[in-house]
Number of protein chains: 2
Amino acid sequence: MKPTTLKEIAEALGISITTVSKALKDYSDVSPKTKKAVTDLAQKLNYSPNTFAVNLRTKESKTIGLIIPEVVHHFFSSVINGIIAEAEKNGYLVIILQSNESLELEKKQVELLMNKRVDGIIMSLSNESNDDNHIKEILKREIPFVQFDKISKLIPSSKVIINDQKAAMAAVQHLIDQGCKKIVHIRGPVNPQNAIDRFIGYKKALEKNKIPFDSKLVYTCESVTFQEGIDFAKQILEEHPDVDGIFAITDLVAVGVLSYFNDNKIKVPQQVAVIGFSNWFMSQVLTPKLSTVDQPSHLMGVEAFNLLLEEMLCHKEGTPFTPRTIELETNTIIRESSMRIR
Amino acid sequence: MKPTTLKEIAEALGISITTVSKALKDYSDVSPKTKKAVTDLAQKLNYSPNTFAVNLRTKESKTIGLIIPEVVHHFFSSVINGIIAEAEKNGYLVIILQSNESLELEKKQVELLMNKRVDGIIMSLSNESNDDNHIKEILKREIPFVQFDKISKLIPSSKVIINDQKAAMAAVQHLIDQGCKKIVHIRGPVNPQNAIDRFIGYKKALEKNKIPFDSKLVYTCESVTFQEGIDFAKQILEEHPDVDGIFAITDLVAVGVLSYFNDNKIKVPQQVAVIGFSNWFMSQVLTPKLSTVDQPSHLMGVEAFNLLLEEMLCHKEGTPFTPRTIELETNTIIRESSMRIR
């Protein structure tokens with residue numbers, strides 16, 4: 001059964017489309033008799049308001065779009081939950097799109113969200129994103145927009161971030177405090193801002209403690225996976241058998257490292273101390289329990305939505321809105337995998 | 001800047017809306033000069049095709065909707081990736097909505113997808129779904145529809161499933177073969193079909209081996225979480241100190257059980273053998289490595305999309321389509337957590 005239109009109902013009842021529309025919206029200037037005839041027929045014919053029509057009248061769809069690189073991910077998943085929870089409280093539905101770290105897909109998805117007339121967009125950029133014309137388009141069309149986690153510094157939108165440099169510095173400082181002298185960093189890909197910042201934090205910690213930076217102690221993830229953690233752990237031991245500390249870009253990679261070490265009887269933390277980033281719930285489940293940086297992901301989602309809501313309300317009322325950046329606090333979680341000194 | 005319409009471009013150039021539309025679609029019966037004038041102006045004014053208009057002409061949006069209970073989930077995430085991979089190959093974008101195991105939210109999301117005129121819908125029902133009027137609505141409107149994993153048997157749509165009873169039976173049979181005599185089942189909530197079927201499989205295995213069924217050995221998850229695994233493990237040991245085997249509804253719960261046992265020095269598998277379900281990648285990372293049932297989740301996503309694609313193509317061409325059910329094979333993965341007999 002094809003979707004019924006306002007026109008079909010109007011023709012069937014011999015009245016105008018405007019009257020049908022008003023009747024469905026329960027306007028007072030339509031007679032009760034007409035309203036009943038319209039609503040009965042609409043019900044019978046399964047009439048469902050066409051999105052476009054609704055948008056024209058109210059200019060609101062009560063949906064927002066969320067584009068993230070990867071849905072299946074211990075960090076992003078938690079952010080998603082934060083966004084959905086706040087959205088639901090405020091009567092919004094969330095359309096989730098996964099860019100799979102592909103700039104091309106990300107561009108198509110931005111286009112889709114704009115075509116679908118969402119009220120606002122929240123995004124964390126893909127690892128490939130180095131061309132932000134599609135993002136500029138969102139701002140050009142005055143669609144409320146918030147970035148989080150992997151952001152473009154050049155885009156003047158609201159943002160929710162952490163201080164990746166400071167967080168990474170603290171993590172590496174902890175390894176140094178635990179007596180590590182030869183510390184490897186398994187970093188994120190070269191492009192994303194947060195990977196760059198965590199790398200800078202690693203270097204700053206070394207510098208502060210007068211440990212010379214050695215680029216051969218830096219390994220770069222392509223996809224930031226569990227498997228890369230395993231592969232790099234193997235490679236690191238072969239190339240630097242005297243490594244005594246590893247700082248990984250994220251817990252998933254650190255867990256891969258631990259997995260390899262466990263299978264090959266490498267004692268953690270006694271031989272090599274390991275620290276990750278993000279505080280995945282699984283990090284406490286492994287043996288040894290993984291040290292990490294707590295990144296308030298759920299809160300990040302909550303704050304991102306609330307910033308967007310503010311902007312969407314201003315947009316609706318036509319009042320000016322000044323984009324804001326919220327920087328959330330992180331802290332180092334010390335567990336078995338890096339506690340060498342008791 | 002408000003979105004530009006075809007009408008505005010037409011008025012600006014003094015031509016008809018039809019000509020503008022044809023020019024944008026590069027029809028051969030529009031002069032190159034007109035095409036250029038139209039596309040230049042469209043570019044300048046940021047013209048973007050209104051979804052509604054596109055739908056009227058082609059009746060295709062090249063987007064599908066996916067509603068799942070939980071995005072952040074080792075099983076669902078893998079299915080999502082399978083769906084997205086196939087969708088992308090075929091030029092479709094996937095709108096993901098998370099129902100959070102809430103029937104109310106699921107209903108709103110079905111409504112949203114229908115209003116947004118997606119070409120097809122793929123769904124796994126929430127744990128609460130016991131009222132399927134919203135699902136019947138999808139079929140009533142002849143929107144292509146595929147169910148997977150948690151399905152409604154009564155809805156005559158295409159489905160991609162596994163044989164949960166057979167899979168669970170094999171898992172419990174394995175524990176029995178390993179000498180377990182007092183086997184606990186941590187089951188899923190009472191409502192979802194797959195939880196019911198795994199429970200039936202557990203009972204059938206006991207029956208086959210003449211082990212009496214004891215309902216006190218069955219613990220029921222409300223939310224199927226890691227924490228419930230921990231809490232039940234504690235409760236199970238208190239209430240049945242001589243338990244020697246545990247079959248958990250899913251790996252996430254089994255991992256919670258292992259976490260509690262590890263922290264409390266309960267020897268697995270020697271004191272208690274443990275087996276889960278779904279073959280989460282983390283199951284191989286723990287100590288001891290977790291035995292499980294391999295559920296081909298990525299393939300499930302791939303098959304679900306392809307079934308949907310078939311139906312969408314038939315729908316587009318007006319040819320009849322007969323819904324099909326694809327049942328995928330599972331197999332028991334035996335690891336350290338249940339290998340008592342060598």
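Modeller: Buried area is the accessible area, taken with a 1.4 Å probe, that two parts lose on being put together, summed over both. This is a predicted model, in which local features need pLDDT of at least 70 and side-chain atom pairs count only at pLDDT 80 or more, while totals for chains, interfaces and linings use all residues. Residues are numbered from 1 along each chain as its sequence is written, chains are lettered from A and ligands numbered from 1 in the order in which they are written, and side-chain values use heavy atoms, with hydrogens and water left out.

Between chain B and chain A the buried area is about 4500 Å², and carbon and sulfur atoms give 58% of that area. In terms of contact (heavy atoms within 4.5 Å), chain B supplies 50 residues and chain A supplies 50 residues. Of the interface residues of chain B, 100% are also interface residues in chain A, so the copies meet through the same surface.

One of the salt bridges joins B:Asp263 to A:Lys289, with 3.2 Å between the closest N and O atoms. On the side of chain B that touches chain A, the elements giving two or more residues are the helices α4 (51-58), α5 (74-89), α6 (103-115), α7 (133-140) and α11 (251-263), together with the strand β2 (93-98); helices (H or I, at least four residues) and strands (E, at least two) are DSSP runs numbered from the N terminus. By residue class, that side of chain B divides into 23 nonpolar, 16 polar and 11 charged residues, where Ala, Val, Leu, Ile, Met, Phe, Trp, Tyr, Cys and Pro count as nonpolar, Asp, Glu, Lys and Arg as charged, and the others, Gly among them, as polar.

Some local features may be set beside this picture. Over all chains the structure holds 28 salt bridges, including one in which the side chains of B:Lys36 and B:Asp40 meet at 2.7 Å, N to O. These two residues, B:Lys36 and B:Asp40, are four residues apart in helix α3 (residues 32-44) of chain B, and are therefore separated by about one helical turn.

In the loop between α11 and β9 (273-275) of chain B lies B:Pro269, which is joined to B:Val268 by a cis peptide bond with omega of about 10°. The loop between β9 and β10 (292-294) of chain B holds B:Pro288, and the peptide bond from B:Thr287 to B:Pro288 is also cis, with omega near -10°. In chain A, A:Glu142 sits in the loop between α7 (133-140) and β4 (145-148) and, though not a glycine, has a positive phi, near 55°.

How values were computed: Salt bridge = Lys/Arg side-chain N within 4 Å of Asp/Glu carboxyl O.
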